[in-house]
Amino acid sequence: MKALLLENIHPVAVENLEKAGFEVELRSKSLSEDELVAALPGVTLLGIRSNTHITPRVLDAATDLKAIGCFCIGTNQVDLPAAAERGIAVFNAPYSNTRSVVELVIGYIISLARRLPEKTEKMHAGIWDKSAKGSHEVRGRTLGIIGYGNIGTQLSNVAEALGFYVIFYDIADRLAHGNARRMKSLDALLAEADVVSIHIDGRPGNLGMFGEEQFAKMKPRSLFINAARGFLVDNDALRKHIESGHIAGAALDVFPVEPKAQGDAFESPLQGLDNVILTPHVGGSTQEAQEEIGWFVSGKLRDFVRSGSTALSVNLPAVQPPPLGDGARLALLHDSVPGVLAELNNLLASEGVNVTGQYLSTAGETGFVVTDVTDVPPTTLEKIAGNPHTRWVRVYHA
């Protein structure tokens, strides 16, 4: 079996998959749709980061593909329903780089509050500008967090320890950490926050959610940070408000269009502005985070292919069976309609197959059942595969 890993995924993922018996090809950059269509035949596992996009056309060409690993937090670069329809599992790393992103955001806030981008630029130009003008402590300021998930809540905890007052807004019902206060609306948060930091996901409905209207409602001389998704923010509107002085500074780690490979040209309307920090999508790019992500996601891919575990899959029903023991394991992905499980168990009984354990779950129109048995006769497997509601059926042995 072959695994193709793109975009400089950490070597620990290569080591993990090679130990599991995979032939691993590692590439440093992302691939275009046409390049993926050409590269994926014969590939069992695909590993990507945020810059490789998996479309239905790509999935149609990937006739041997069983699973995709997103070695990052986001999965919006993958057409998840299309992958589920084809029985291809998708996994990500929802927690592994949380601390790295939070630390970067804290660094942004302190750097912007002290106007360090301007100070360091002048020093490199040979100019000694020792002045406290426009430089502030962050203690006692109000941080407004938009999106209170894994990253937002940890940012809340760290920021409060630094002396921030924390407010947050989330459309989901989230538990406030520490002394953080939930705001009833985004407008209420914008009116009160000295620093606004976005930490929402990349679902299509969030496209362009922060633009001219939202910047206009921010407090005068406040700071803005986006380390979530590039397409959430109208950067032309942000430039306008920085040039007018309404926004005192900004830091961005993500952009609507990002270069595909190391060293490629980068362009943004925010280039050349004072007190603006631009970084090349490095929020989760620490050695610690990348190693953890490489280990975690490659382990999910390995376990899915070797034992049928879909634990933490983002597009298939989540089933986490125990380690595979003696006998065989039958994994069935099927349409979620009444009677499929009864038909399966009746067939196994009629064929004299002894069931030693069964684990199942459904999600939307898809069902997944893992059945541990003493053995699976070929005729039984053929009958299961021939059921019109079967998407795929696989057998695993210890």
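Student: What covers the buried residues of helix H1?
Tutor: The cover includes strand E1 (2-5), strand E2 (23-26), strand E3 (45-48) and helix H11 (287-307). The buried residues of H1 (residues 11-19) are Val12, Ala13, Val14, Asn16 and Leu17. Buried means under 20% relative accessible area, exposed over 50%, and partly exposed in between, with a 1.4 Å probe and protein chains only. Helices (H or I, at least four residues) and strands (E, at least two) are DSSP runs, numbered from the N terminus.

Student: Where do these values come from?
Tutor: This is a predicted model, in which local features need pLDDT of at least 70 and side-chain atom pairs count only at pLDDT 80 or more, while totals for chains, interfaces and linings use all residues. Residues are numbered from 1 along each chain as its sequence is written, and side-chain values use heavy atoms, with hydrogens and water left out.

Student: Why is the contact between arginine 174 and aspartate 170 called a salt bridge?
Tutor: A salt bridge is a side-chain nitrogen of Lys or Arg within 4 Å of a carboxyl oxygen of Asp or Glu. The closest N and O atoms of arginine 174 and aspartate 170 are 3.4 Å apart, so the pair qualifies. The structure holds 24 salt bridges.

Student: Which residues are linked in a network of salt bridges?
Tutor: Lys2, Glu25 and Arg27 are linked in such a network.

Student: What makes strand E8 and strand E12 edge strands?
Tutor: The open sheet of seven strands has the order E8-E7-E6-E9-E10-E11-E12, with parallel pairing. E8 (181-182) and E12 (276-278) each have a single partner strand, so one side of each is left without a neighbour in the sheet.

Student: How do you know that strand E10 and strand E11 pair?
Tutor: Two strands pair if DSSP finds at least two bridges between them. E10 (residues 222-226) and E11 (residues 247-252) have five bridges, so they pair, in the parallel sense. Isoleucine 225 stands opposite alanine 251 in E11.

Student: Which strands does helix H10 lie across?
Tutor: H10 (residues 235-243) lies across E10, E11 and E12, running at about 145 degrees to E11. Contact here means heavy atoms within 4.5 Å. Axes are lines fitted to C-alpha atoms, for helices over the stretch in contact, and angles run from 0 to 180 degrees between N-to-C directions.

Student: Which way do the residues of strand E9 point?
Tutor: Val195 and Ser197 point one way and Val196 and Ile198 the other way, and all are buried. In a regular strand the side chains alternate between the two faces of the sheet.
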